[in-house]
Amino acid sequence: MFIQRFPDGTIQGVYANQQEGYAEEELADDHPEVVAFLAPKAETPTPTLVEQILASPNDLAALKQALGL
């Protein structure tokens, strides 16, 4: 795989063939950086307001307020 990098050194793109002038660094298909780039970890979603309130079941008043009750 031929790698294109951002100025900070992180991978910007991965190509099967050398790209003259911008993707000339070659790494193995199973190199940890290539694997991480091609299969990034899913981001943990931010809980919604209701999920945050429900995580604290003692705060029923806040839940009613959030729902406009």
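Predicted model: local features only at pLDDT ≥ 70, side-chain atom pairs only at ≥ 80, totals over all residues.
## Overall architecture

The protein contains three helices and three strands, and these elements follow one another along the sequence in the pattern β-β-β-α-α-α. Among the contacts that join residues at least 6 apart in sequence, 22% link residues that are at least 24 apart.

Of the 69 residues in the protein, 16% are buried. The accessible surface comes to about 5600 Å², and carbon and sulfur atoms account for 56% of that area.

## The sheet

The three strands form an open sheet in the order E2-E1-E3, and their pairing is antiparallel. Strand E2 (11-15) and strand E3 (25-26) stand at the edges, where each has a single partner strand, so one side of each is left without a neighbour in the sheet.

In general, the strands of a sheet pair through backbone hydrogen bonds, in either a parallel or an antiparallel manner. Here E1 and E3 run antiparallel and are joined by two bridges, and Phe2 stands opposite Glu26 in E3.

## The setting of Gln4

Gln4 lies in strand E1, which spans residues 2-5. With a relative accessible area of 15%, Gln4 falls under the 20% limit and therefore counts as buried.

When neighbours within four places in sequence are left aside, Gln4 is in contact with Thr10, Ile11, Gln12, Gly13 and Tyr15, and also with Tyr22 and Ala23.

Methods
Residues numbered from 1 in each chain as written. Heavy atoms only, no water. Helix = DSSP H or I, 4+ residues; strand = E, 2+ residues; numbered from the N terminus. Buried < 20%, exposed > 50% of the residue type's maximum accessible area, 1.4 Å probe, protein only. Contact = heavy atoms within 4.5 Å. Pairing = 2+ DSSP bridges. Areas by Shrake-Rupley, 256 points an atom, 1.4 Å probe, with all protein chains shown as cover.
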